[in-house]
Amino acid sequence: MPTSNPHASAHGDAHGHGSHDTTNGSNENTALLPSFLRGEVQHEGESGRHGFHLRHFYSVTYKSSNIVSQYVNFLWPFVPLAIILRYALPNHPLLIFGFAYVGMIPSANLLGFAGQEFAKKMPKVAGTLIETTFGSLVEIILFVVLIVKHREPVEGEEEGNGDEGNLIPIIQAAILGSILTNLLLCLGLCFFVGGLQKTTQKFHSAISETGNGLLLVAAFGLLIPSAFYSALKGETTFGKNSLGFVTLEDKFTPETLQKDILKISQVTSIVLIIAFGCYLLFNAKSQHSVFHEVIEMDEHRDLDREEDQARMRYTGTETTIALTISLTLATLLLIHLAEQIEPVVHAGIPDQFLGLILLPLVEKAAEHLTAIDEAYDGVINVALFHCLGPSIQTALFNGPLVVIVGWILGKPMDLNFEIFMIVLVVLGIVVVGNFLRDGESNWLEGALLVIVYVIIAIASWYYPNPDVATSNGIEGSAVSRNNITIDKSLLKDLLTMANQNP
């Protein structure tokens, strides 16, 4: 219970601080200096300021959320240089791609940091979900830009690689690559750096089991179209009549199979997005349940919690400005990246390596830096949430979303992935689930996950481009694209004439 202490009151007045009671709103009790100059720790997420202050905005942006993100800010010169090169040296695509690729890292870092600042003003679970969503915006923008720039082959032309405008294989590889990067590389590094601080880190089963279960469901949904296609592509047979014409012997033609796969992918995408909505609803209802308690408990164990609470933060206005700047720059750089994909693939970078490895590394840079920093600080449950959350969002929302966008634009974007790639994702989920089963992690498990990722990167470099070999294309489909369709009665007349004049 509060007690009256006249000496303390007088002592406080003498130093200009006064009572902490703010109910009467008297001027004597109002501090003359703003809180960030008095060194007081504000409520989590609050800056103690209002409006926009350029000096503080620059200072908060530079210091960012951790030391690694602070070093990333030294890459900002690549952003204007990439934009300048795009217009000053348009005939140097590899140079433009390289600068835009590196420039994406600080842009994504700012977007992730601004998302963190916005999320800290929200309830725990909702804030973590919002932070994850902002980290995935770069990926969504990338997928949409690529599907818009995808170019269908003209009639009589075979489907080519990324150097010929066929960007769908790159998008498909990027969807699976994003999941693998989060599950193997990011989670592996989290286990590794966390294990350097503590021999064994324990995490709550509520996060690991829920996340792993959702990933298995998502993998099942993503696998179905590819399995359906692989099982039936050999059933689309061709035959020759007495004139030597190639004819389709039944109604199950290659074109029919392609249309069926597209329809299955579109409906499956809608179902997966509904599943993602259920996931969001479950987390929203968990504000005062186990998820909230786990994250709250983890944050109290944060090794640099006091330092984090004491640092300056964005105001609401500054957060909005940072989000706008980072989104604008990221979108612009992603457009430049997409424009240079054709010459990059033509220069020798394989489609699958570009989509499976290179693009996911840069699109999720902010999420990776955040998760690794949290793991290093001992906040392993939050780090796990940041690794599993983006993977779940990619599988249940971002990937299906680009299928629906392609549907709207009339582009044949489907979930018919290369069998090699989808098997890697399923095996990756199984391996991660096995490591999560005991509720503990150490640096060795992290190192093993990173090693698996490196092996996959090596294999993807040697994986052939779609025009050389593919597991999600029908052998002989080039013949079907070059067929001439004629009326059935005319074909019978031609056959009769051929039999009469052998």
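A residue is called buried when its relative accessible area is under 20%, exposed when the value is over 50%, and partly exposed in between, using a 1.4 Å probe and protein chains only. By this definition Ala-375, with a relative accessible area of 0%, is buried. The structure is a predicted model, in which local features need pLDDT of at least 70 and side-chain atom pairs count only at pLDDT 80 or more, while totals for chains, interfaces and linings use all residues. Residues are numbered from 1 along each chain as its sequence is written, and side-chain values use heavy atoms, with hydrogens and water left out.

The protein has 21 helices and 4 strands; helices (H or I, at least four residues) and strands (E, at least two) are DSSP runs, numbered from the N terminus. Of the 502 residues in the protein, 48% are buried. Contact here means heavy atoms within 4.5 Å. Among the contacts with a separation of 6 or more, 82% join residues 24 or more positions apart.

Ala-375 lies in helix α16. Setting aside neighbours within four places in sequence, Ala-375 is in contact with Cys-190, Val-193, Gly-194, Gln-201, Ile-380 and Ala-383. Helix α16, which covers residues 365-376, also holds Thr-370. Thr-370 is buried as well, at a relative accessible area of 7%, and its C-alpha atom is 8.3 Å from that of Ser-69, a residue 301 positions away in sequence.

Pro-254 belongs to helix α10 and counts as buried at 3% relative accessibility. Between Pro-254 and Glu-235 the C-alpha distance is 8.9 Å, with a sequence separation of 19 residues. His-204 sits in the loop between β1 (201-202) and α9. At 29% relative accessibility, His-204 is partly exposed. The C-alpha atoms of His-204 and Asn-381 are 6.7 Å apart, and the two residues are 177 apart in sequence.

The expected span is 1.5 Å times one less than the number of residues. The buried residues of α18 are Met-421, Ile-422, Leu-424, Val-425, Gly-428, Ile-429, Val-432, Gly-433, Phe-435 and Leu-436. Seen down the axis, these buried residues fall within an arc of 165°, so they line one face of α18; the arc is that of the directions from the helix axis to the C-beta atoms. An α-helix has 3.6 residues a turn, so residues three or four places apart point the same way. The buried residues of α18 pack against α8 (168-197), α9 (205-232), α15 (351-363), α17 (380-409), β4 (440-441) and α19 (443-461).

Helix α19 has 19 residues and reaches 27 Å from its first C-alpha to its last, close to the 27 Å expected. Its buried residues are Glu-445, Gly-446, Leu-449, Tyr-453, Ile-456, Ala-457 and Ser-460. They cover an arc of only 125° around the axis, which puts them on the same side of α19. The cover over the buried residues of α19 includes α8, α15, α18 and β4.

A cavity is a set of points on a 1 Å grid over the protein atoms alone where a 1.4 Å probe fits but cannot get out, and lining residues have an atom within 4 Å of a point. Grid points are joined across faces, edges and corners, and a volume is the space filled by probe spheres set on the points. The search of the whole structure finds 3 cavities of 30 Å³ or more, and the largest cavity holds about 70 Å³. It is lined by 12 residues, of which Ile-207, Gly-211, Tyr-279, Phe-385 and Ile-392 are the closest to its centre. Two or more lining residues come from each of α9, α10 (254-284) and α17, and α9 gives the largest share, 5 residues.

Definitions and conventions. On a 1 Å grid over the protein atoms alone, a cavity is a set of points where a 1.4 Å probe fits but cannot get out, and a pocket is an open set with protein on both sides within 12 Å along at least five of seven lines; lining residues have an atom within 4 Å of a point.
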